[in-house]
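Please keep the structure in view while reading.

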Amino acid sequence: MTTTSINTQHIQAMDSAHFLHPFTDFKDLNTRGARVITEAKDIYVWDSEGRRMLDAMSGLWCVNVGYGRKELADAAQAQMMQLPYYNSFFQTTNVPAATLAAKLASLAPTVGDRSFEHVFYSSSGSESNDSNVRMVRRYWDLLGQPERKVIIGRVNGYHGSTMAGASLGGMSGMHAQGDLPIPNITHIEQPYYFEKALPGESSDAFGIRAAGWLEQKILEIGPEKVAAFIGEPVQGAGGVIIPPDTYWPEIQRIVDKYGILLVSDEVICAFGRVGHWFAYEKFGYKPDLVTFAKAITSGYIPLGGVMVGNRVAKVLIEQGGEFNHGYTYSGHPVACAVALANLEIMERENLVGRVRDDVGPYLAQQFAGLSSHPLVGVAETCGLMAGLVLVKDKASKTPFPSELEVGMRCRAHCFANGLIMRAVGDRMIIAPPLTITHAQIDELMALIHKVLDLTLADARAAAWMD
Ligand code: PXG
């Protein structure tokens, strides 16, 4: 692929002068100029200088069917010509929004007494979690328990960047800048075995203990005041933190014991990322609300929403009256048409089954080989998401001092060598498109070995490790 002739410096100058980027130190970016991404195909992106990079992050955890799918562009064009927009507020609907809602209801597995027949639409994960807060509180109000207000999230969880989303999340840097969390949102520790397990503690035992932090918090607050618990099946932005197998079933036992609602934030994990349409199925729990966004359209156009389980839907529908909440773009016809085309591709190419039975296990096998690298403390995968920790000393799991920014150094080697991999502190993470082939996984692994070797050489040269 060739990149069209683009004046990189001109774009960078406009960018620096006018575009305030998300989660960015503006001043710092202006000193170097943003990388200009101009085109993409399959699992690769190109920048304005013609450099090709293997995008092992699927954009930002979303391009599950890969880049360059004409079908998705065609679906958008056809819908734009037919009906580019109409609202769903005043007792109106549109064909793609209704069709997609029925499709999602058919894809979301029923577990035990929980089924998912209803969808509430938004345009992003953050908005969807705001909708969750509204629905959770409305539910308890309607049941005559308005004192149930507190929602419990987790430290290092990520649920978006709006006031409610950032509050539900447990990112200290975000809380510090916005007087957050907003009232009645609190957090428990994350189930991060590598960092939090006691010496000799098994993963299973740790999972039970970590879930127990929820029960402690519920008792501390008073069960009659707790409305819901929210968590990502696997924490994505927090660094691909994969919980022990025992964790979610124990969380389920605890929320059931106190009757509180369970919200599964699947903005990253749904639509095949962990080898299932929805990740709650894999982890064996029964959520009441499921947040989705990102891969519902493979990121080609913004769309998000909440799968509303029967427990909540029944109350909202039968006792609710008007729900005073919604967005201009709830059920946007173009976004819903693209989502339908995207799900059709996923079904036709069996991408979900492929992750579960083929490329997921293959990546797991290849990734496990990284454990013997001198820099790697642990390397783990779940479907097509994976993380490894860079450590100073493997045997004692000693981390590098954070000010050395070893993860950022490794990330710089990635970019220089045509690989897009994220650094979350010193955890290096990937989530490639679900279309990735075995040969492309081999290419990815060779790049990962290379950047780890380069980072190791830096660390030794600087005498940061033996
Ligand atoms: N929930 C989860 C689990 C997410 O991963 C959101 C909600 C918010 O979605 P929107 O569409 O409002 O961005 C997300 C988003 C990162 C990173 O650094 C991850 C996300 C967003 C930005 C950066 O890994 N996830």
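Two residues are said to be in contact when heavy atoms of the two lie within 4.5 Å. The model discussed here is predicted.

Leu 214 belongs to helix α10, which covers residues 203–221. Setting aside neighbours within four places in sequence, its contacts are Ile 152, Ile 188, Phe 229, Ile 251, Ile 254 and Val 255. Is Leu 214 buried or exposed? Leu 214 counts as buried, because its relative accessibility is 0% and the limit for a buried residue is under 20%.

## Two domains

The domain assignment divides the chain into domain 1 (35–65 + 350–461) and domain 2 (74–348). Taken over C-alpha atoms, the centres of domain 1 and domain 2 are separated by 27 Å. Where the domains meet, 31 residues of domain 1 are in contact with 32 residues of domain 2.

## The ligand and its shell

The ligand is surrounded by 16 residues, of which the closest are Trp 61, Gly 125, Ser 126, Asp 265 and Arg 422. Why does the ligand lie between domain 1 and domain 2? Both domains give residues to the shell around the ligand, so the ligand lies between them.

Helices α3 (58–61) and α6 (125–142) each supply at least two residues of this shell. The most comes from α6, with 3 residues. By residue type, the shell divides into 6 nonpolar, 6 polar and 4 charged residues.

| Residue | Part of the residue | Distance to a ligand oxygen atom |
|---|---|---|
| Gly 125 | backbone N or O atom | 2.9 Å |
| Ser 126 | side-chain N or O atom | 2.5 Å |
| Arg 422 | side-chain N or O atom | 2.3 Å |

Taken alone, the ligand exposes 540 Å², and the protein buries 83% of that area.

## Further buried residues

Asn 342 lies in helix α14 (residues 333–348). At 0% relative accessibility, Asn 342 counts as buried. Its side chain reaches the backbone oxygen of Ala 295 at 2.9 Å. Beyond residues up to four places away in sequence, Asn 342 touches Val 65, Leu 72, Ala 295, Ile 296, Thr 297 and Ser 298.

Gln 252 is part of helix α11 (residues 247–258). Its relative accessibility is 7%, so Gln 252 counts as buried. Apart from neighbours within four places in sequence, Gln 252 is in contact with Arg 114, Leu 262, Tyr 285 and Lys 286.

Ala 379 is found in strand β11 (residues 376–382). Ala 379 is buried, with a relative accessible area of 16%. When neighbours within four places in sequence are left aside, Ala 379 is in contact with Phe 367, Leu 370, Ser 371, Gly 387 and Leu 388. The C-alpha atom of Ala 379 is 17 Å from that of Ala 237, a residue 142 places away along the chain.

Most residues other than glycine have a negative phi, and most peptide bonds are trans. The following residues depart from that pattern.

Which residues does a cis peptide bond join? Such a bond joins Leu 180 and Pro 181, with omega about 0°. Pro 181 is placed in the loop between α8 (172–178) and β6 (185–188).

Phe 271 has a positive phi, near 60°. Phe 271 is found in the loop between β8 (261–265) and α12 (279–283), and at 1% relative accessibility Phe 271 counts as buried.

Lys 397 also has a positive phi, near 55°. The loop that holds Lys 397 lies between β12 (385–393) and β13 (398–399). Lys 397 is partly exposed, with a relative accessible area of 37%.

Note on methods. Residues are numbered from 1 along each chain as its sequence is written. This is a predicted model: local features need pLDDT of at least 70, side-chain atom pairs count only at pLDDT 80 or more; totals for chains, interfaces and linings use all residues. Side-chain values use heavy atoms; hydrogens and water are left out. Helices (H or I, at least four residues) and strands (E, at least two) are DSSP runs, numbered from the N terminus. Buried means under 20% relative accessible area, exposed over 50%, partly exposed in between (1.4 Å probe, protein chains only). A residue is near a molecule or strand if one of its heavy atoms lies within 4 Å of it. A polar contact is a pair of N or O atoms within 3.5 Å; within protein, one must be able to donate a hydrogen and the other to accept it, and residues adjacent in sequence count only if both atoms are side-chain atoms. Accessible areas come from the Shrake-Rupley method with a 1.4 Å probe; for residues, only the protein chains shown count as cover. Ala, Val, Leu, Ile, Met, Phe, Trp, Tyr, Cys and Pro count as nonpolar, Asp, Glu, Lys and Arg as charged, and the others, Gly among them, as polar. Domain bounds come from an automatic or database domain assignment.
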